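Subject: Structure handover

Hello,

Please find the structure below. My notes on it follow.

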Amino acid sequence: MPGVRPVLIAGPTAGGKSGLALRISERDGGRVINADALQVYACWRVLTARPSTEDIERAPHALYGHVSCDARYSVGHWIRDVRREIETARRRGERPVIVGGTGLYFSALTRGLSEIPEVPTEIRARADEMLRSDGLAAMLASLARLDPVTHGRIDTANPARVQRAWEVVTATGRGLAAWHATAGEPVLRVDECLPIILDVKKDLLNSRIGKRFSTMLEHGALEECRANLVAERDASLPSMRAIGAAELGAHLRGEVSLDAAIEAACVATRQYAKRQRTWFRNRMAEWTRIDPDDGDPLAAIPVS
């Protein structure tokens, strides 16, 4: 993309990534493109902190809320979608500003993605049942036997990642680590972009997580959860993994108080932010880290 360097903005949840992406897009004539695995789903506007209507009016946004909540949307789907959005930005003379907290999306974008075959429905059903009846520990033990290399590399506290690894090795006889070792050409290379990690200090981030959840409740997060409960969607769907959904759902079913649900949701968000930090530190060490406390991040990002 001659003359236009895409900006990639990663960072933990609640770190101010979307606000920075919007400011860059307004300044440079950019197109904000989502790289968050849960903001793609139509059923979660408030709980995933998708950009507001006002934000969308200020600059073009793409890949937000465009996927049905009943769909199983993968990183492969996102790569196809983001490639199309980057091409759209190029045709229109817009600067792509790709922003989100899903490290796997950025890895696939800049390092390439293997063409892993689709997992058959019956194997996914077996995985769902194993996780439901035997728990994460049993699936991890099975994965360690079937694919010790992948087991040693993935986030073992993330049920979605563990289940995906188990499904792939069971369906194909080949582990995720082996598939990833034969990745195809990346959509963008890191050295073609301005890759930024917005690195907010832990104490400040934890405070922002609590304040943001309170704001979500003020803007209808509880009602959004109620609507999804009424829809009776399959709990194993990727869209149902939005942080806060299970906690607020427990309150709506009368199982816990609202205060207890809020605290549990904030704890889960802090734990997720910790996992994100670990991913960025281990997998994205070559990216430029910017601490907003050191000054306005916008000033560190050249126009082109």
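Which residue lies over the face of Trp279, and at what distance from the ring centre? Arg283 does, at 4.2 Å. Likewise, the charged end of Arg174 sits over the ring of Trp179, 4.4 Å from its centre. The criterion for a charge over a ring is NZ of Lys or CZ of Arg within 6 Å of the ring centre and within 35 degrees of the ring normal.

On provenance: this is a predicted model, in which local features need pLDDT of at least 70 and side-chain atom pairs count only at pLDDT 80 or more, while totals for chains, interfaces and linings use all residues. Residues are numbered from 1 along each chain as its sequence is written, and side-chain values use heavy atoms, with hydrogens and water left out.

Aromatic pairs

Searching the whole structure gives two aromatic pairs (ring centres within 6.5 Å, taking the six-membered ring for Trp; planes under 30 degrees apart are stacked, over 60 edge-to-face, the rest tilted). Trp78 and Tyr105 are stacked, because their ring centres are 4.5 Å apart and their planes are at 15°. Trp78 is in helix 3 (residues 75–92) and Tyr105 in helix 4 (residues 103–111), so this pair ties together parts 27 residues apart in sequence. Helices (H or I, at least four residues) and strands (E, at least two) are DSSP runs numbered from the N terminus.

The rings of Phe106 and Trp287 have centres 5.2 Å apart and planes at 75°, so that pair is edge-to-face. Phe106 is in helix 4 and Trp287 in the loop between helix 13 (258–283) and strand 6 (288–290), so the parts tied together are 181 residues apart in sequence. Trp78 and Tyr105 are buried, and Phe106 and Trp287 are buried too (under 20% relative accessible area; exposed is over 50%, partly exposed in between; 1.4 Å probe, protein chains only).

Six strands form an open sheet with parallel pairing, in the order 3-2-4-1-5-6; strands pair if DSSP finds at least two bridges between them. Strand 3 (61–62) and strand 6 are the edges, each pairing on one side only. Strand 2 (residues 30–34) is joined to strand 4 (residues 95–99) by five bridges, and Arg31 has Pro96 in strand 4 as its bridge partner.

Gly184

Gly184 is in the loop between helix 9 (176–180) and strand 5 (194–198). Its relative accessibility is 33%, so Gly184 counts as partly exposed. The C-alpha atoms of Gly184 and Ser114 are separated by 5.7 Å, at 70 residues apart along the chain.

Regards
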